Structures are given as C-alpha cells and as structure tokens.
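I begin with the pairs.

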Amino acid sequence: MSIVQNKKAFHDYFIEERYETGVVFEGWEVKAIRAGRVQIKEAYVIIRNGELFLIGCHISPLLAASTHINPDPVRTRKLLLHSDEIKRLIGKSERAGYTLVPLDMHYKAGKIKLEIGLAKGKKQHDKRESEKQKEWMRDKQRLMRVK
C-alpha cells in the first residue's frame, strides 16, 4: 500500500533499476508518516562512507509530538540495504549521469519501506517526447472508448 509517490522523478529521469530499502526513523516520524504528513518530491539519495542516506525528505511533525524532543522535519535519514547491493549501487552511480532518487514510500508487512531508483537524467527534448507519448496514449484510449 503506497503512502507517497515521487511523480516528478518519472518526469525528470529514466528509471533503470529499482531497489527496496528500509529507513531508520524516529518514533514521531513513523506516527507522522502514518498520518500522511510526508513529502519526497524534493528528496534525493547520496552515498557517504559506503552507506546510503536520504536527504530532503520532509516529514511534518504532528502537533501531539512529544515535548521532550525537538523534531527536525528534513533531517538526514539512513537507508538500510544489503552491503552487496550498496556496493553494486556505488559502482553504478559513479558512472556518468546516474543518480539515486526516491520513487515510492509504502508499507510492507507493517513496516515502512522506500523504493529508490537508479536513474539517468532526461534532457528537455526527452521530456517533450515522453509528454507526447502520454498524450497520444490518452487520445487513443478516448478514441477506443467512443467507438
């Protein structure tokens, strides 16, 4: 069951591979995510010291958050992935033009998972071409429905 999707990533990048990762959250963050107060539109993934980190993910704290903590909505969160997968991602992301972007945050067996994608940036003409393809598919569906 999807919590939030990053539709902007599909507009700006060609997604080549997908990986499902766990995320290290604090208690108040889990409660806020379950309330639907998360945004991954501006987020990205970096590799630092052989570990993956999610930067720019905004989780708005609930008003009922605990008073003894100071919630930081855009703190850096560690991603959990097997070491061989991390090594594979390091090798692929260091090649020219590849980046790691968060695609989808969802529930799996009661836990919150993040799907990241190995992506290559689109040029402006690629974005226009994909937009034309989408419009053509919509028109085709409309024509099929009318007849």
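I looked up Arg-18 and Glu-115 and found that their side chains meet in a salt bridge, 3.4 Å from N to O (a side-chain nitrogen of Lys or Arg within 4 Å of a carboxyl oxygen of Asp or Glu). Arg-18 lies in strand 2 and Glu-115 in strand 9, so the pair ties together parts 97 residues apart in sequence; helices (H or I, at least four residues) and strands (E, at least two) are DSSP runs, numbered from the N terminus. Glu-115 counts as buried at 18% relative accessibility, whereas Arg-18 at 47% counts as partly exposed (buried is under 20% relative accessible area, exposed over 50%, partly exposed in between, with a 1.4 Å probe and protein chains only).

I noted that this is a predicted model, in which local features need pLDDT of at least 70 and side-chain atom pairs count only at pLDDT 80 or more, while totals for chains, interfaces and linings use all residues. Residues are numbered from 1 along each chain as its sequence is written, and side-chain values use heavy atoms, leaving out hydrogens and water.

I then searched the whole structure, which gave nine salt bridges. One of them joins Lys-78 and Glu-51, with the closest N and O atoms 3.0 Å apart. Lys-78 is in strand 7 (residues 77–80) and Glu-51 in strand 5, so this pair ties together parts 27 residues apart in sequence. I also found Glu-26, Glu-29, Arg-75 and Arg-77 linked in a network of salt bridges.

Last, I checked helix 3 (residues 83–93), whose buried residues are Ile-86, Leu-89, Lys-92 and Ser-93.
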